[in-house]
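Let's take a walk through one structure and look at a few of its parts. Keep the 3D view open while you read.

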Amino acid sequence: FARAGSELVCDGVSLEAAAAEHGTPLYVYSRAAIEAAYAAYARAFAAVPHRICYAVKANGNGAILRLLAGLGAGADIVSGGELVAALRAGFPPERIVFAGVGKTDAEIALGLEHGIGEWNAESEDEIGRLAAAAAARGTRARVSLRVNPDIDARSHPYISTGLREAKFGVDIAAAAPI
């Protein structure tokens, strides 16, 4: 976003003209800014094996998802609806990571059916449900276990996820010692 004289533009497009054509409120995103941010992450991790995933819950706009899929990003999803959106946008299933608490049996079945790349499990029970569903389909699921470290990051209480009383992850005491 920049000023061209007295006019605000995004990627060379007049925002005043866009608002006149499409009405308001109007949400405008910069393709150049998204591409530059993705490239910066890719450069920062170039020396190590990595996968850059976009959290679909941040903005499920199809054009943005298609852009990121085309750049090579993975998709971090937390629902069956987000899985469908990611697949429609062109994210290959192997670049999709299903995170979040409360995955339903239907969402697990849908993810297994499409062969998503990875599951972030929040509990031992969830791992058991994933294993049973995968076995019933004669397949395997790649699973990561989210561990709750019981650490206070001193963030806002509504977004704090690392304390024992949070609903996220398995108690660190249950994790195998390294």
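## A loop residue and some helices

Asn59 sits in the loop that links strand E4 (53-55) to helix H3 (62-71). Keep in mind that this is a predicted model.

Is Asn59 buried or exposed? Its relative accessibility is 18%, and buried means under 20%, so Asn59 counts as buried. The side chain of Asn59 also reaches the backbone nitrogen of Asn61, at 2.9 Å. Leaving out residues up to four places away in sequence, Asn59 touches Tyr29, Tyr54, Ile64 and Leu65.

Now on to a pair of helices. Two packed helices are described by the angle between their axes and the distance between the axes. Helix H2 (residues 31-44) and H3 pack at about 35°, and their axes are 11 Å apart. The crossing of H2 past H3 is right-handed. Here is who makes the contact:

| Helix | Residues in the contact |
|---|---|
| H2 | Arg31, Ile34, Glu35, Tyr38 |
| H3 | Ile64, Leu67, Leu68, Leu71 |

Sorted by class, that contact of H2 with H3 has six nonpolar residues, two charged ones and no polar ones.

Last stop: helix H5 (residues 105-114). Which residues of H5 are buried? They are Glu107, Ile108, Ala109, Gly111 and Leu112. The cover over the buried residues of H5 includes helix H4 (80-89), strand E6 (96-98), strand E7 (118-121) and helix H6 (124-136). After H5 comes Gly115, which has a positive phi, near 65°.

How values were computed: Residues are numbered from 1 along each chain as its sequence is written. This is a predicted model: local features need pLDDT of at least 70, side-chain atom pairs count only at pLDDT 80 or more; totals for chains, interfaces and linings use all residues. Side-chain values use heavy atoms; hydrogens and water are left out. Buried means under 20% relative accessible area, exposed over 50%, partly exposed in between (1.4 Å probe, protein chains only). Helices (H or I, at least four residues) and strands (E, at least two) are DSSP runs, numbered from the N terminus. Contact means heavy atoms within 4.5 Å. A polar contact is a pair of N or O atoms within 3.5 Å; within protein, one must be able to donate a hydrogen and the other to accept it, and residues adjacent in sequence count only if both atoms are side-chain atoms. Axes are lines fitted to C-alpha atoms, for helices over the stretch in contact, and angles run from 0 to 180 degrees between N-to-C directions. A crossing is left-handed if the near helix is turned anticlockwise from the far one by less than a right angle, and right-handed if clockwise. Ala, Val, Leu, Ile, Met, Phe, Trp, Tyr, Cys and Pro count as nonpolar, Asp, Glu, Lys and Arg as charged, and the others, Gly among them, as polar.
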